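Trainee: I have a model open and would like to talk through its side chains before I use it. Could you take me through it?

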Amino acid sequence: MTRTEPSTAGALRELRRWHLGSGGGAAALPADAVPLLLAPFRDPARVRHDYPLVVRRGVEGLEVRALGDVLPEWLAGAKSQARILGDNSRRLERRVRLMVAHEPDRDARELLREAGAQMLAELQLRGEVEAAVRADFEAVCAGLPDFALLPLRPDTALHLLQATIAQRVEGAREQFAMRVRDLVAALQALLQVEAQKDPDAHTAQAVGRSLGGAAAQFFDAGALARTVGQHRGTVRVDPARRARLQQALATLESHLTASHAPECVVVAAEAAARFDSLAADLLATVRAARLAELERRGTYDPERHDPVLAALGWQELTAEELAILPVVVLQTSVTELANHGLQSLMQLLVSGRPVQVLVEESPGRDPMSMDGSPRVRLELGYLGIACREAFVQQATAARPAHLLRGFERALRGMRTGLHLVDSGLDAMHREPPLGAFLHAGAAIEGRAQPLFQYDPASGETWARRLDFTGNPAPDADWPAAAAGADDAAPVFTFADYALLEPHLRDAFAAVPAALDSAELVPLAAFLQLDDEAARRSIPFVVFAAGDGTPGRAAVRRWLVHACRDRLRYWRTLQELAGVRNEHVREAVQQARREAADQAARDREAMAQQHATELTAVREQATATAMQGLARMLLEVDPLGETTGAAPVVLPRAPTPAELAPAAPAAAVPAAAEPAVAEPVAAASAADDDFDEPWIDSARCSTCNDCVNLNSLMFVYNENKQARIADPRAGTFAQLVQAAEKCPSRCIHPGKPLNPDEPDLPALIARAAPFNT
């Protein structure tokens, strides 16, 4: 290991002191420094993004799309000059974007017309061509449906929420009005029937009124009244019921004729009280509608239903009934909540009131910190999830589709909604250097503003309730420069995002370009070090100056703590969303270990079974061989002749008297000679009994001698014991040789099948002992 140069050691010492916050000299970053990965997007005017948004009400609901996606479709409808207009749609888009930024409240159609005129003046087309293009463009503008252009500004999220609410509430009120009209008609019919039972309904004056002014001159109302007479045979309704029906009818008719509150009510405080007031106004109408429904079906029971209707509160309203209420939107900021509104927010979230809370966030600032520096940041989204039954989304205006989807999901439910939205602007609503869209996008990339939607109505498990989509590289700690990049590729961390925040610039210092040391470690790698290694290292991120020159920026320790806090919170969300769940990981590892252990046990059991079977086969083979050898030994006499032949009779030993000299005529009795000659004759007779060769397979010990000699002639049967497959597949000499080798003496050669085989007399003599 080489020693550090004195100048390098001094520079590292000063840089480390600065990093730890104990002094030390460090050079400030260039004023135009930006994160290296964002250097290509330094000019906001050249960055193409979703804004301004085209907002219009369609047949199927609210339609919100990026201007860059809609313009080509609009211009494609031109009659003769669609190609020229289509080729310049990007030019027109830039014009509209700049004009909307300066005049956000101007009529969208007029603004589009003016942007088109400026584009045509810039193109400098020939007279007749310009006239044709202008006419086509004017026709396109005139044929467009009503729409609005929404730029990226502090109240963008509020405008989207208001548009979503208006679309939903208007539709719900139309459906409820149809229901009320049906109920009004039903109540009027009931009261009309009861009115006919009144004696005054059959007077001459009443009959005249029923005829109408035009017909009264042709009829005598008095005569008709006398002819019809009084209503007979029907019981009149109870006066209390008639009063009840009349009151319900008056309430429902008042609902149809009254002017209703706007669809959305934005408040800065007391949202719960405002909702309760609006709900109380609606409860009278809902009671009347439910009573009318029961009366129409004829199932109204005063003793049963009067207490229920009297105790009716907003908690008992159905989703359809709640949908016609004006939606109360509490608009606030993280700073205001942290100062005095946090307790009120928690009470509202657990109350269940369908109030939408829209909170403006600034991910680069911690409202609980005295200087706004993020260390361990208060996470309102996490607190909202802790309330369990509130809809919670953390979003950004840089992802309008994700934000709009969260608004729609929140309004479908019957619960409080908490929306934490980053507009990309600073605390003073000023445009950041790289533009609000890119700044808000950088907050997502740096894990400063993770996207998620928590919807209790989606199910009972975390996997169903927590939606984690929209985040870059959701299974990694930090997103890399490109998808699939290796570990050495630069990543975008929270410190890179902090580099865009002016109030955090003092947390960075320029590292001299000539300073090269292993103690300088990229921030992402630094966060993975243990405590001992981290104490010896200095973290840095890479930036790009205004001229594109890359450099390294050391990071102060307190900002490193903030990065670690952001990473831990990100991992918490990952685990809740099931992306990198430690319980799942441990369960998978445990399952793999159990599978490996089971496989090892199975292999060991198979090995033991194989050894046992091999031992059994060996013992069986040995036993079989020993049995065959025992049978062979028991069946053969000491002289080597086979059992079953006649016993050999030996000459009797002569007595001393018989050893004495005898007369020449004396001789051994001839009767003793047949005893020796009989076995030979028997053997000769036995030889005649064996013609075909054969094997006594039951006595085979599986020695392989015969099979190795001629595998065509000798084969094994299903019991692994020899038999003769084809006696003509070999020679008689091989049969004799196999019989001589067989330890069980179970092969019987028989007689030669080929009379021309050489040396047959000698082979027949050798085969004779095995044919008996």
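**Rings, core and sheet**

Trainee: What relative accessible area does Tyr382 have?

Mentor: Tyr382 comes out at 39%, which makes it partly exposed, where buried means under 20% relative accessible area, exposed over 50% and partly exposed in between, using a 1.4 Å probe and protein chains only. This is a predicted model, in which local features need pLDDT of at least 70 and side-chain atom pairs count only at pLDDT 80 or more, while totals for chains, interfaces and linings use all residues. Residues are numbered from 1 along each chain as its sequence is written, and side-chain values use heavy atoms, with hydrogens and water left out.

Trainee: And how many aromatic pairs are there?

Mentor: There are 7 in the structure, counting rings of Phe, Tyr and Trp (its six-membered ring) whose centres lie within 6.5 Å, with planes under 30 degrees apart called stacked, over 60 edge-to-face and the rest tilted. In one of them, Trp74 and Phe147 have ring centres 5.0 Å apart and planes at 55°, so this pair is tilted. Trp74 belongs to helix 2, whereas Phe147, 73 residues away, is in the loop between helix 6 (127-142) and strand 4; helices (H or I, at least four residues) and strands (E, at least two) are DSSP runs, numbered from the N terminus.

Trainee: How buried are those two, by relative accessible area?

Mentor: Trp74 is buried at 15%, and Phe147 is buried at 12%.

Trainee: Which kind of pair do Tyr382 and Tyr569 make?

Mentor: Their planes stand at 90° with the ring centres 6.0 Å apart, so the pair is edge-to-face. It links helix 16 (residues 380-386), which holds Tyr382, to helix 23 (residues 557-577), which holds Tyr569, 187 residues apart in the chain. Tyr569 counts as buried, at 7% relative accessibility.

Trainee: Switching to the inside, what's in the largest nonpolar core?

Mentor: That core has 96 residues, and Leu252, Phe508 and Leu559 have the most contacts inside it; a core here is a set of buried Ala, Val, Leu, Ile, Met, Phe, Trp, Tyr and Cys residues joined through side-chain atoms within 4.5 Å. Helix 12 (residues 271-297) gives the most to this core, with 12 residues.

Trainee: What does Phe508 touch?

Mentor: Leaving aside neighbours within four places in sequence, Phe508 is in contact (heavy atoms within 4.5 Å) with residues including Trp18, Leu29, Val541 and Leu559. A second, separate core of 29 residues includes Leu150, Leu161, Cys264 and Ala440.
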